Amino acid sequence: MKKVLSGMRPTGRLHLGHYLGVIKNWLKLQEEHQCKFFIADWHALTNKYKETDSLKENIRQMIIDWLSCGIDPEKATLFIQSGVKEHAELSLLFSMITPKSWLELNPSYKDLKFNLYYQYLRDFLAGKQIKIIQTPPPQPYEEALEKSTGKQKSKIFEDYLREAFHKAFYNQKGIDFKGFKDVLIKFGIQKKIAQEVVKNLEEGDVGKDIDTVGFLAYPVLQAADILIYKADTVPVGEDQLPHIELTREIARRFNNLYEPVFPEPQALLTEEAKLPGIDGRKMSKSYNNAIYLSDDEETVNSKVLQMKTDPQRVRKTDPGNPEVCIVFDYHTIFTDSQTVSEINAKCRNAEIGCVECKKILAESLNNFLQPIRERRKEIEADIHRYEKIFEEGTEKARAVASETMSEVRKAMKLWQF
């Protein structure tokens with residue numbers, strides 16, 4: 001039986017992407033291994049330290065979401081990170097032995113900064129009524145630009161915009177703001193607007209919220225989260241693999257400098273949730289395109305009707321292509337296989353319309369969510385009891401963490417109080 005450790009940051013209500021990417025995997029792991037799952041409220045502060053007003057409510061909603069989905073306190077230890085102060089102590093001690101270069105080379109730091117800059121860029125352009133189109137044209141952008149006239153030149157194709165900013169951001173000599181400004185103008189953006197948005201990116205506060213010691217060093221805290229319980233297995237997506245390798249390096253360095261206290265944990269690679277939001281982009285609270293585990297039936301029906309379908313299918317009599325349809329992506333996950341096969345064939349032969357197809361999906365989603373909704377009502381009606389369960393889990397986790405810290409202090413020859 002493996003010792004499994006995993007956590008989630010409480011940043012808002014959980015959606016279907018969270019369920020498929022994390023919760024579904026946890027449900028399986030809790031049946032087979034010794035699991036500890038924690039709410040990472042300290043990690044939520046690394047880039048949301050100005051937004052603490054909603055932190056307690058977010059923690060409460062995460063407790064409800066986890067338990068509603070079937071995460072079982074009888075099968076796993078469930079706790080809140082900040083209730084185990086030993087995490088902070090071990091993180092501090094690890095920071096004394098972790099080279100700064102290890103943190104600066106961590107790809108997640110720069111990647112998050114890129115995403116913050118890029119989100120601001122998109123929002124700024126949208127605010128200027130410059131339409132961003134999700135699907136790129138079939139030909140290279142330069143050819144599309146030459147063929148376009150008038151209002152078409154004010155349109156930016158999402159893939160080309162992101163590709164251009166990615167190239168400017170990951171420039172070897174630093175962010176190439178001047179080059180990117182020229183690209184925006186080439187895309188048909190007015191020079192004044194291009195200059196304004198680039199100046200805001202270069203001189204404003206975008207991305208500055210993560211220029212803190214806490215964010216740079218959060219992989220050290222993450223290493224402490226894992227190693228303090230001597231976890232040997234950590235379920236992660238592929239993008240988190242550098243963090244697990246850094247945790248292993250910190251464990252090796254500590255063991256070599258002092259005594260062999262920590263095992264080197266292994267990553268358990270989990271399949272990334274391939275479920276887009278209702279607009280085709282990554283499902284995200286910030287995009288307002290998510291279907292939440294707490295959505296009621298009427299809300300789900302409304303969101304499904306907003307989903308994009310095959311853009312080439314204009315009329316019901318036009319044959320469709322399920323391979324490019326978001327609705328069909330959802331069907332393959334939430335609708336029974338026989339119905340999926342029927343929808344696939346009928347769509348290609350124009351025997352079913354998009355509205356009818358969406359109604360079937362809405363029914364499938366509501367059938368999936370109904371047990372979660374019912375369980376949610378029970379938990380909300382007695383929330384203090386379930387909060388107490390997390391408090392008890394936190395005490396149980398702290399007992400384990402305290403034992404590890406005694407070993408750490410002994411190995412480092414620190415004063416034992």
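User: How is the expected span of a helix defined?

Analyst: The expected span is 1.5 Å times one less than the number of residues. This is a predicted model. In it, helix α4 (residues 86-97) has twelve residues, and 16 Å is expected. The distance from its first C-alpha to its last is 17 Å, close to that value.

User: What makes the span of helix α3 agree with expectation?

Analyst: Helix α3 (residues 55-69) has 15 residues, which should span 21 Å at 1.5 Å a residue. Its end C-alpha atoms are 21 Å apart, so the two agree.

User: Why is α3 called largely enclosed?

Analyst: Buried means under 20% relative accessible area. Twelve of the 15 residues of α3 are buried, so the rest of the structure largely encloses it. Among them are Leu-55, Ile-59, Trp-66 and Cys-69. Gly-70 follows α3 and has a positive phi, near 110°.

User: How do you know that the buried residues of α4 line one face?

Analyst: The buried residues are Glu-86, His-87, Leu-90, Ser-91, Leu-93, Phe-94 and Ile-97. Down the axis of α4 they fall within an arc of 165°, so they line one face of the helix. Their cover includes α2 (41-48), β3 (76-80) and α18 (383-411).

User: What makes Arg-313 and Cys-325 stand out in the lining of the largest cavity?

Analyst: The largest cavity has a volume of about 110 Å³. Of its 14 lining residues, Arg-313, Cys-325, Cys-347, Cys-354 and Cys-357 are the closest to its centre. By class, the lining has nine nonpolar, two polar and three charged residues. The largest share, three residues, comes from α17.

Technical notes
Residues are numbered from 1 along each chain as its sequence is written. This is a predicted model: local features need pLDDT of at least 70, side-chain atom pairs count only at pLDDT 80 or more; totals for chains, interfaces and linings use all residues. Side-chain values use heavy atoms; hydrogens and water are left out. Helices (H or I, at least four residues) and strands (E, at least two) are DSSP runs, numbered from the N terminus. Buried means under 20% relative accessible area, exposed over 50%, partly exposed in between (1.4 Å probe, protein chains only). The arc is that of the directions from the helix axis to the C-beta atoms. Contact means heavy atoms within 4.5 Å. On a 1 Å grid over the protein atoms alone, a cavity is a set of points where a 1.4 Å probe fits but cannot get out, and a pocket is an open set with protein on both sides within 12 Å along at least five of seven lines; lining residues have an atom within 4 Å of a point. Grid points are joined across faces, edges and corners, and a volume is the space filled by probe spheres set on the points. Ala, Val, Leu, Ile, Met, Phe, Trp, Tyr, Cys and Pro count as nonpolar, Asp, Glu, Lys and Arg as charged, and the others, Gly among them, as polar.
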